[in-house]
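Please read them with the coordinates open.

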Amino acid sequence: MEFINTIVAAIGGFAFGAVWYTVFANQWMEASGVEVVDGKPANQADPLPYIIGLAATIFVAGMMRHIFAGSGVEGIGRGLLYGAGLGLFIAAPWMITCYGFAARKKSLMLIDAGYATGGAAVIGALLNAF
């Protein structure tokens, strides 16, 4: 059952990303410097980024499940809180550090750090929902 919970939580985090990046699509395209064709990223039809993204989200969900089990995090609310904390205080600062040294735009840092925080919160809540 834990395997299924992990996959469901990962899909939820991935789906959060789809909504997040739809909302911030124009800002993200401008900040990331991705090639744009007809108002959409040129690589939008390439399945590889989506496959890599889903696989990475499964790894995140699996490690979060492991952390939650080891530290006794139970309940949807606590899962949401601890997930958001992992995203905001571990994933986002690491990402922002890398972006800072790569001289990436601050708006890209905020958009991607927001996804790391929100996605981890969704994963945390879903891990404890079943």
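The points below go from the overall fold to the core and then to one serine.

1. The model is a predicted one, and its chain holds five helices and two strands, which follow one another from the N terminus in the order α-α-β-β-α-α-α. The radius of gyration is 15 Å, close to the 14 Å that the globule rule gives for 130 residues, so the chain is as compact as a globular protein of that length.

2. Along the principal axes, the C-alpha atoms fill a box of roughly 45 × 30 × 20 Å. The accessible surface comes to about 7,900 Å², with 73% of it belonging to carbon and sulfur atoms, while buried residues account for 28% of the 130 residues.

3. Of the contacts between residues at least 6 apart in sequence, 73% join residues at least 24 apart.

4. The largest nonpolar core is made up of nine residues, namely A9, A10, A61, M64, F68, V73, A120, I123 and L127. The elements that contribute two or more residues to this core are α1 (2–23), α3 (48–71) and α5 (106–127). V73, itself one of the core residues, touches F68, R78, G79, Y82 and N128 when residues up to four places away in sequence are not counted.

5. S32 belongs to helix α2 (residues 25–32) and deserves a separate look. Is its side chain buried or exposed? S32 counts as buried because its relative accessibility is 16%, below the 20% cut-off. A polar atom of its side chain lies 3.4 Å from the backbone oxygen of M29, and a polar atom of the S32 side chain lies 3.2 Å from the backbone nitrogen of V34. Leaving out residues up to four places away in sequence, S32 touches R104 and L108.

Terms used:
Residues are numbered from 1 along each chain as its sequence is written. This is a predicted model: local features need pLDDT of at least 70, side-chain atom pairs count only at pLDDT 80 or more; totals for chains, interfaces and linings use all residues. Side-chain values use heavy atoms; hydrogens and water are left out. A nonpolar core is a set of buried Ala, Val, Leu, Ile, Met, Phe, Trp, Tyr and Cys residues joined through side-chain atoms within 4.5 Å. Buried means under 20% relative accessible area, exposed over 50%, partly exposed in between (1.4 Å probe, protein chains only). Helices (H or I, at least four residues) and strands (E, at least two) are DSSP runs, numbered from the N terminus. Contact means heavy atoms within 4.5 Å. A polar contact is a pair of N or O atoms within 3.5 Å; within protein, one must be able to donate a hydrogen and the other to accept it, and residues adjacent in sequence count only if both atoms are side-chain atoms. The radius of gyration is taken over C-alpha atoms; the globule rule is 2.2 Å times the number of residues to the power 0.38. Accessible areas come from the Shrake-Rupley method with a 1.4 Å probe; for residues, only the protein chains shown count as cover.
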